[in-house]
Amino acid sequence: MTTENKHESSAHHLREYGAQTPGTKGIPGTRRYSMVIDLRKCIGCMSCVVACKAEYGVPLGVWRTWVMVADKGRYPDSRRIFMPRLCNHCDYPICVRNCPTQATFKHEEGFVLQRYNRCIGCRTCVVACPYNARHFLPAKRTNNNLPKLVVDKCTFCIHRVKKGLVPACVQACVGGARIFGDVNDPKSEVAKLTAKEKVTVLKPELGTSPSVYYIGGDWEIMDETHNYKHRSAQQKEEFNTFKRNHHGDAFADIVEGENTMHHVGKNMSDFLASIPHKFHDVVAALKKLLFA
Amino acid sequence: METLITYNAVHHNPWGTPITIYFWLVGASAGSFVLSAFGWVFGIKRYKPLALSASVLAIGMLMIVPVLLIWDLGKPFRFIYLMLPGYWHGTAPMAWGSLLILSYPVSMFVYTYFVIKNDQKWAKIIGIIAIVLALSTHWYTGVVMELNPGRYINHTPLAPLLFLTGAFISGIGLMILVLWIKNFFMSEEKKIKWALMEEMAQYMMYGIVFDCFLLFLDFMQTQYGTASENIGHHEVLMNIFFTPYIMLETVIGLLLPLVILCSPLKRTRLGVYGASLLVAGGVYGMRIWWVMGGQYMQSFY
């Protein structure tokens, strides 16, 4: 355990409230699964993204994990940098304390998980999460048996970890940039790396105590404000195209450079159009019951 | 060395227009209810004639809220989980709000019943409870977004005050307009007196001045605050949300009505009704930039 981690644990003891187990980072006799991402080894191949999509059938337009790309410097002195992103499985998760139905909770071994049967789809946790790690599942899924219209997120592949395997993204990482393990176990690779290397976390000032550590992190790609200020024209256009063409959910999709009030109106029409989908399953069940 | 972000996953802002309308409706409802309570709770007798209209308006607006909120859920039939023991989560602001939204209309119905029955004692007792619930319900709309430290624009303790002040002025504005329309259908002796409308407009003006002060405080915070607050103000609110933030709220909702109500126009019906309409509509601008603007910057992260 690094000095930085010890400081985090003691400073945030007051944040142990809500439907979550207390923070276990650095506490002997407990497990705290964490991930270290060595950015020096990441080549931006997106295998982790594809592996995750395949593991869970993650729909188009939403991600459990993704890789940010940035261009640093000016030609000819320039290089491309990457930063894989996923749920930080915080020790003090804001999403857990803000969920009104205890649908999301923190497992005693550190996983922040989602219970679909409790989720009402209010998206409070999506608003609360400072890392954009949560998404709302669409009404139409390729496999109709998968959850719909509830919030979903990365689970650190708990189903694999419990069988002694590593998460799908770690398994698929060609450069060995993602390392997973119990940070409380001094013999584990993650514990050794966090002790030996200079690690950084995303938004440490929020006091969430994230469990995803980056080695070789560049503050410019890690900082939200810098990200916003230095978004490229290409990214803006991708963002606008996506928002302009998105239909069916009551999201606040404002397109930059276009009439804001027009998009406020479009959100409302999207909301009205989404209502029948929300009642679809219930209507289908009623029909089956009445006309079987 | 300059770093340019070339690719990132596209994220949605999860709360959209239905939430902005809900915030506006709850605010206007709370504002109207405060007027209703002037006569029966605070003992200002000249306000008693408008108490019933004000509480009916407050109830009417609040009746739309559950429809909006429940339909905005991904699983509308599960809204009951918000109140069930075993599901209810005491640390979540939305869990507090669900109880408030449930109890506020009930208290208003009971209060209105005693107003109709002309029972001063019980109308006052229930009115006190209802006014606390009305203010709490709208206070909650401020904190439900404030208590997200990752949303820099929303994360300010001024939030509930901004919401409550907006509620007060939009409620009065809407009430004046409703009374104006109601007067067309009333006999001469039952019409609400013009002097009372003028007095309400005066209260509205005080509210506008206080709202301007709060906006100024918020502005100062962003100018001298962190880089996130500063960029959130300059590049999100002043740029992408310029129409709702500057045009709709600041100019149409606050400055124009303030000019009208500080000028001789405040003695004219056109001035008072015009200012009321501008305020009631302009406050909706605040709900837009607060909800959508607060979420915007992070969607690029």
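This is a predicted model: local features need pLDDT of at least 70, side-chain atom pairs count only at pLDDT 80 or more; totals for chains, interfaces and linings use all residues.
Residues are numbered from 1 along each chain as its sequence is written, and chains are lettered from A and ligands numbered from 1 in the order in which they are written. Helices (H or I, at least four residues) and strands (E, at least two) are DSSP runs, numbered from the N terminus.

**Domains of chain A**

- Chain A is divided into domain 1 (3-229) and domain 2 (233-291); such bounds come from an automatic or database domain assignment.
- The centres of domain 1 and domain 2 of chain A, taken over C-alpha atoms, are separated by 27 Å.

**The open sheet of chain A**

- Four strands of chain A form an open sheet with mixed pairing, in the order S8-S1-S10-S9; two strands pair if DSSP finds at least two bridges between them.
- The edge strands are S8 and S9 (199-200) of chain A, each of which pairs on one side only.
- Helix H7 (residues 189-196) of chain A packs on this sheet and touches S1, S8, S9 and S10 of chain A. The direction of H7 makes about 110° with that of S8(A); axes are lines fitted to C-alpha atoms, for helices over the stretch in contact, and angles run from 0 to 180 degrees between N-to-C directions.
- Strand S1 (residues 33-38) of chain A pairs with S8(A) in the antiparallel sense over five bridges. Here A:Val36 stands opposite A:Ile179, and A:Ile37 has A:Arg178 as its bridge partner.
- S1(A) and S10(A) run parallel and are joined by four bridges; in S10(A), A:Tyr214 is the bridge partner of A:Ile37.
- S9(A) pairs with strand S10 (residues 212-215) of chain A in the antiparallel sense, over two bridges. The bridge partner of A:Val199 in S10(A) is A:Ile215.

**Burial**

- A residue is buried if 20 or more other C-beta atoms lie within 10 Å of its own, exposed if 12 or fewer, and partly exposed in between, with C-beta atoms placed from the backbone.
- Strand S8 (residues 178-182) of chain A is mostly covered, as five of its five residues are buried.
- Both faces of S1(A) are covered: A:Tyr33, A:Met35 and A:Ile37 are buried on one side, and A:Ser34, A:Val36 and A:Asp38 on the other.
- In helix H1 (residues 17-40) of chain B, 24 of the 24 residues are buried, so H1(B) is largely enclosed by the rest of the structure.

**Contact between chains A and B**

- In chain A, 65 residues are in contact with 57 residues of chain B; two residues are in contact if their C-beta atoms, placed from the backbone, lie within 7 Å.
- H11(A) gives the most to the side of chain A that touches chain B, with ten residues.
- That side of chain A divides into 35 nonpolar, 16 polar and 14 charged residues. Ala, Val, Leu, Ile, Met, Phe, Trp, Tyr, Cys and Pro count as nonpolar, Asp, Glu, Lys and Arg as charged, and the others, Gly among them, as polar.
- S2(A) and strand S1 (residues 3-7) of chain B run antiparallel and are joined by four bridges; A:Asp71 has B:Leu4 as its bridge partner.

How values were computed:
The expected span of a helix is 1.5 Å times one less than its number of residues.
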